[in-house]
Each structure stands twice: as C-alpha cells, then as structure tokens.
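Biologist: Before we discuss any detail, could you bring up the model so that we can go through its contacts one by one?

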Amino acid sequence: MTIEEIQNEIISEFDMFNDWIEKYEYIIDLGKSLPVIKTQYKTQENIIRGCQSKVWLYAENIDNKLIFTADSDAIITKGIIAILIRTFSNQSAEEIINAKTDFVEKIGLKEHLSQTRANGLSSMIKQIKLYAVAYSNK
Amino acid sequence: MKNTAFNIVSIRNDFPILNSKVNGKQLVYLDNAATTQTPKVVIDSLVSYYSKINANIHRGAHYLSQKATEAYEQARKKFQKHFNAKSSNEIIFTSGTTHSINLVANGFVNLLKSGDEIIVSHLEHHSNIVPWQMLCEKTGATMRVIPMNEKGELIFSEYEKLLSNKTKVVFVNHVSNALGTINPIKEIIRKAHKFGSAVLIDGAQALPHFKVDVIDLDVDFYVGSAHKLYGPTGVGILYGKEKWLNKIPPYQGGGEMIDEVTFEKTTYAKLPNKFEAGTPNIGGVIASGVAIDYINKIGFENIAKREIELLDYATKKLLEIDEIKIYGNSSNKTSVISFNIGSIHPYDIGSIIDNEGIAVRTGHHCAQPIMDYFNISGTIRISLSFYNTIEEIDSLINSIMVAKKMLS
Ligand SMILES: Cc1ncc(COP(=O)(O)O)c(C=O)c1O
C-alpha cells in the first residue's frame, strides 16, 4: 500500500470510535504491537528530543525501503509511534519525504494530546523525515 | 474581627477559573505547586491599575505617576510587614524566584575565590542549582551537596560535616517542590552562621503555606514568586538583609538604579532601587500586595488546617490503590504528593486524566537529582491548595482508576 492508502485506512479506523477513551484504548493496543528497536540501537543518539517520555527511533535501509523500529518508556507514546511506523515503514525514502502528514489532525488525535505530547509527535514525524532525507542522499 | 469560619463555597467563588470546564469536564486543579490560581480581588486590582492609575513610577511629577508610585511602594510595605523585615529597603521586586536567585548568585562573583565552597541540597529545584553552578564556573569555588534519605529528607548530620570555614554560601529550599518536604531551615541557617556563611532560602513552595518571619529565622536572603502565592505571574520577591544587599553589586544596569551617570562613572542608587533597574512590573507588584492581603485574611492557621485535612485524605485514598508508591514520606511536609503506580509511566496517567479535566504535573518537576536518587524518570505530582475539596480528590482517584485499568 502507498503511504496515502495507509493513512486513509488509519483515518477510517479512528472514525469508528465514539469517544477519546476508545481512541486511547486503541492507541494503547497499538503500542503493545510496536516493532521494537534492537537493544543495541537504544542509544543516546537515537533518542528523539522534545518528548516528555523517552523515544528511541532507528531506521535501516533494506532493499531501498526504510524500515523503522522504535521504543518508548510510555505506552501511549509507543502507540503514537506505532501509528507513524505503520504509515512510514517499508516505504522508499522519496515517498516518505513527499508524504503529507495531515492525517494526524484528521484522526482527531491532537486535540486529546497535551501540548508537550503534540510537540513530541511533531518531533517524531520530523525525525522520520530526516532519516528519509539522510538515506536519499546516500 | 474574628473571621475564622472557613467557608469553602465562598472561597471557591473567589476564584473564577475554578468553575471552568476543560475537555468538556469540570476542571479539577491539582497543580498548585506549579502555579496557584488567582482570586478575583487580585484580577480586579490588575484591571483597576490599568484602568485608573497606569503610569511609570518614581519619575513623573504628574498625578498618575505619583499614584502609581504610592501604590507600588505600598505593596513593598505589605511584603515588609508580611515577612517581618526591618526595613522596606530589604524587599526587592524581581520577575520571579529564578530572577531573585540569579541576582544573588551573581552578587557573589567578586566575593568568592578558588578554594571556597558553597553548599546546596539534594532537594533543590534546578533554578536553585544552575545559577550557583555558573557562579562556581566563574569563581573556581566548589559545590558540595547535602544528601537526602529514602523519606525525602535532608540528612542533617551530613550537612554539619560539610560546613567549614571555606563555606561561603548555603542555599536550600524551605519546601521541596517535588516531594513537599519541609526542611529545618532555622537550624540550617544557625549552623551556617557559625561558620560565617551566608544563607539563601528558596521559599517558592513555602510562601503559600506558612508565614515567614525573616528576623526569627535570621535568614540572609529569602526568595519567592507571587504566582505561587495567589498573585500574578511575572513578579518575584527577594528579601535580603540590608548589610548583604549593600555588599553585593547591582545585577542589571539601567534606569532607576542609578544615582548619577556620566560617561566616566555611574554611582548607584540606594536600596531598594539599586536592584530594580528599568520599569518594573508595576501592576503585577501592586496586585501581589493584594494577594498578600487576601491570604492573610483567610489566615495561615485556617490554610494549614484545611491543607492538612486534604493531604491526609488524599494520602489515605491514594494508598488504597494497588502498587502505588509515594515518594517523599517525611512527617513534616506540605500538601504535595508525588507518586507512581506500578511500572506505568507517569506521563501516560497524566494524559489520560487530563481528558477527565484533572490537572496534575508529571515529569521530573525540574528536580532531576531527586528523580535520580529514586532511580525514576519522573512522578505524578498533585499539589493541593485550601480551595481544593474532598470531592475533587475523589474525582482524581476515580480517574486514576480508569487510567490504571486502561494502561495495565
Ligand atoms: C522550589 C522552587 N524554586 C524555584 C522555582 C522557580 O520559580 P519561578 O519559575 O517562578 O522563577 C520553583 C517553581 O516551580 C520552585 O518550585
């Protein structure tokens, strides 16, 4: 699937929920299924700044696709990063660079995130795009 | 004159914000250690200042300037009286606790030399650590740390061992913002003075809970923020003994703090203006004076009684939750409870209960050394004010139970 198709899929999943509790429960479940970063990459330099919880994100290039793995000490943060990884992992650097990110607003997540968490979310997206830029220059 | 009946309904009506809804839910504000809410009399005083007497102080000969100057200086007198300071020259208005501490730390740059020591406590807020580290870098002085115990109390016997003739300044908070521990500052000050050391007490978390008597404490510097004292943001207080304030140089140069200026040399104004360069937060200072009147009218005895009741109830209820761990178990603490539940990240609980309208603080509370001591990244902290209620604590507990269920 293309990034856009995955994003539309996520938007329609979130449309089914009636209230924030259901959304949060879903995010928490997603957090539990996050493709977890290998311990050797859980280093200081793979930490994303701007998050109140710790987030480690790592990308590797396999057959010209970027594969993301991550972890966080907070489960809701893990769920959010799981949504991003589902969207952007296994795509080419170029597609990631050109992808729109407004699906985050469309799933109505931001209004239930505290400002620091919303900032953390923006930092995660930025870091994903930075990885893509780095790999496309190689 | 006696007005000791504590009427919670009327008190809550004094605070317009307490009736608001957040995320569609009734606000439950339990983050009073970060900032206290503002009573209507204080808000009114800001409005009245800007509507009626806004003018620059100490400068104009005109009517408004005189009115504003009088009101500003009257606020200074209120703080002098509140602190039982000898002279209103000893009360300096700043922009906050952080500014006050930087002002004092900077004042010691020329008084310290390599080999001198300064003493900090393990329980400090970053703003009572970093300015002093900067001082050490500039002077070559060394920082020593008073250690803490499992209960979140300072180990006094270790403090005594750190003191020596090399000690030049001791800086400790009156109350820990992260744990609520009340430190034995009178004893800390007395011991430091035996070695001729100056003492700065960070009273940011103490001022909303008790009346401070600087003469009884014999403290050299005592600092706080009006926004944690039911006043507006942007106003800080620095009490300093006159002999110390005369000894340390001004922090900032500018208007208002001078006596005479030529390009060759400037002589500084007398206290307190020496430390109040530029146009201060005039409206904010005046409103802070109104806040002082407001809490004195409620009475610190009533405040203490009420807050202890709330603290005991909240502690009891929280302890009924499985796997809860409370950090900071001193028998001598203010109405602050810092805790974690099992291995759940504090931020997860904070985010979920925020959706229920409940405002708490999560994270390291600008006190990373304390978190390191307990080997945690942060806690959930509730901090109660006299205007909080038993019902609000019940809502907190219910929401935590919902969050816990969702997260485990
Ligand atoms: C103990 C303590 N010191 C200093 C500060 C800093 O106060 P301000 O941000 O008002 O300068 C705080 C605020 O949280 C505090 O709790």
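**Ligand, domains and chains**

Modeller: In this predicted model, an oxygen atom of the ligand is 3.3 Å from a polar backbone atom of Thr97(B).

Biologist: Which residue has a side-chain N or O atom 2.5 Å from a nitrogen atom of the ligand?

Modeller: The residues that surround the ligand include Gly96(B), His125(B), Asn177(B), Asp202(B) and Lys228(B). Thr98(B) uses its side chain, a polar atom of which lies 2.6 Å from an oxygen atom of the ligand. For the nitrogen atom of the ligand, the side-chain N or O atom at 2.5 Å belongs to Asp202(B).

Biologist: How is chain B divided into domains, and how far apart do the C-alpha centres of domain 1 and domain 2 lie?

Modeller: The domain assignment gives domain 1 of chain B two segments, 8-30 and 299-407, while domain 2 of chain B covers 43-296. The contact between them takes 35 residues from domain 1 of chain B and 30 residues from domain 2 of chain B. Their C-alpha centres are separated by 29 Å.

Biologist: Turning to the two chains, what area do chain A and chain B bury between them, and which residues of chain A lose the most area to chain B?

Modeller: The contact joins 17 residues of chain A to 14 residues of chain B. Together the chains bury about 1400 Å², 53% of it on carbon and sulfur atoms. In chain A, 38% of what that side buries comes from the three residues that lose the most area, namely Trp20(A), Gln52(A) and Arg117(A).

Biologist: How many salt bridges and polar contacts are counted between chain A and chain B, and which element gives the largest share of the side of chain A?

Modeller: Between the chains the count is zero salt bridges, and four residue pairs are in polar contact. Two or more residues of the side of chain A that touches chain B come from each of α2 (20-32), α3 (75-88) and α6 (115-136) of chain A. The largest share, six residues, is given by α2(A).

Biologist: Which residue forms a salt bridge with Lys42(A), and why does that pair tie together separate parts of chain A?

Modeller: A search of the whole structure finds 23 salt bridges over all chains. One of them involves Lys42(A), with the closest N and O atoms 2.9 Å apart. Lys42(A) lies in the loop between α2 and β1 (55-62) of chain A and its partner in strand β2 (residues 65-72), so the pair ties together parts that are 29 residues apart in sequence. That partner is Asp71(A).

Key:
Residues numbered from 1 in each chain as written. Chains lettered and ligands numbered in written order. Predicted model: local features only at pLDDT ≥ 70, side-chain atom pairs only at ≥ 80, totals over all residues. Heavy atoms only, no water. Domains from an automatic or database assignment. Contact = heavy atoms within 4.5 Å. Near = heavy atom within 4 Å. Polar contact = N/O pair within 3.5 Å; in protein donor to acceptor, adjacent residues only side chain to side chain. Buried area = accessible area lost by both parts, 1.4 Å probe. Salt bridge = Lys/Arg side-chain N within 4 Å of Asp/Glu carboxyl O. Helix = DSSP H or I, 4+ residues; strand = E, 2+ residues; numbered from the N terminus.
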